[in-house]
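Visitor: Hi there! Could you walk me through this one, starting with the helix packing?
Guide: Happy to, let's bring it up.

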Amino acid sequence: MQQPSSFKSSMGFKKRQLFMVLCGIFLTNALLAELIGVKIFSGEGVFGLSGAQIPVLGTKLDFNLTAGVIIWPVVFITTDIINEYFGKDGVKRISFLTAGLIAYAFLVIIAATALPPAQFWQEINSQGPNGTAFDMDFAFSKVFRQGLGIIVGSLVAFLLGQLLDAHVFHWLKHLTGSRKIWLRATGSTLVSQLVDTIVVLFIAFYIFGNWDLKTVLSVSVINYLYKFTVAVILTPVLYVAHSIIDRYLAGDREVALETFIAQD
């Protein structure tokens, strides 16, 4: 297995390509998860079932999840692969870059939703599927514009979760060496996502919202159950990904940064 890169000026050409591809996948899915995360869907409804009404901390909750969770597993896997082949530095670089671009995306969305709508655009899109009238500009803003608490909570939780994942991953790797990929990958994800889940809900709905602490913890349990299950189920995918990447990087030659840029 390839050793984590220290990001020196010389690195295997294929490894540089791999890092660029992984960064693209990570950044795209992290940004998409933030944008579609405003929709809350029923996990039971996907399978045509009624609410589960799971008793949690004295209350009963259904599996109501943010739409962002459908692609967060891609972020989990990509983070673990970057951790494995490029070390903590690789995860930190892409995490800070992604957080900055997410913040930029939110600023652009705020500016776009503040623009006055054209009258003809409003009129063309004023009729719903059943002939009911609605305000298209209001709907546009409602879908894309999130509350300050959710934006701040998402960014803080994202960065904290990613940095914690990197440190836990390499702590476990130090204990296990090159063995037990499943332990460091799944273990780091479970720890980081526990913190991520609680932090985003605490900031968004306890500090900036009107939820009490009991509600925050109850909803956190439901969301974490999903993430825990997905992390365990995806473990075999990590082994497949490692096998493919190891074969791809076999015999990779080191090239200077300037050479890589010229070839690219």
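Guide: A term to begin with: a crossing is left-handed if the near helix is turned anticlockwise from the far one by less than a right angle, and right-handed if clockwise. This is a predicted model, in which local features need pLDDT of at least 70, side-chain atom pairs count only at pLDDT 80 or more, and totals for chains, interfaces and linings use all residues. Residues are numbered from 1 along each chain as its sequence is written, and side-chain values use heavy atoms, with hydrogens and water left out.

Visitor: Good. What hand does the crossing of α1 and α3 have?
Guide: α1 passes α3 in a right-handed crossing. Helices here are DSSP runs of H or I with at least four residues, strands are runs of E with at least two, and both are numbered from the N terminus.

Visitor: And at what angle do the axes of α1 and α3 cross?
Guide: Roughly 45°, and the axes of α1 (residues 13-36) and α3 (residues 72-114) come within 7 Å. That makes α1 oblique to α3. On the cut-offs, angles under 35 degrees count as roughly parallel, over 145 as roughly antiparallel, 65 to 115 as roughly perpendicular and the rest as oblique. The axes are lines fitted to C-alpha atoms, for helices over the stretch in contact, and angles run from 0 to 180 degrees between N-to-C directions.

Visitor: Which residue classes make up the contact of α1 with α3?
Guide: There are 25 nonpolar, six polar and two charged residues in the contact of α1 with α3. Ala, Val, Leu, Ile, Met, Phe, Trp, Tyr, Cys and Pro count as nonpolar, Asp, Glu, Lys and Arg as charged, and the others, Gly among them, as polar.

Visitor: What about α7 against α9, what angle is that?
Guide: About 125°, with α7 (residues 181-207) and α9 (residues 235-249) having their axes 10 Å apart. That makes α7 oblique to α9. The hand of the α7 and α9 crossing is right-handed.

Visitor: Who meets whom in α7 and α9?
Guide: α7 brings Ile 181, Trp 182, Ala 185 and Thr 186, and these meet Thr 235, Leu 238, Tyr 239 and His 242 of α9. By class, the contact of α7 with α9 has five nonpolar and three polar residues, with no charged ones.

Visitor: Zooming out, how many helices and strands does the chain have?
Guide: Ten helices and six strands. Of its 264 residues, 42% count as buried. Buried means under 20% relative accessible area, exposed over 50%, and partly exposed in between, using a 1.4 Å probe and protein chains only.

Visitor: What share of the contacts comes from residues 24 or more positions apart?
Guide: 75% of the contacts in the chain with a separation of 6 or more.

Visitor: Now some single residues. Where is Asp 89?
Guide: In helix α3. Asp 89 counts as partly exposed, at 41% relative accessibility.

Definitions and conventions: Contact = heavy atoms within 4.5 Å.
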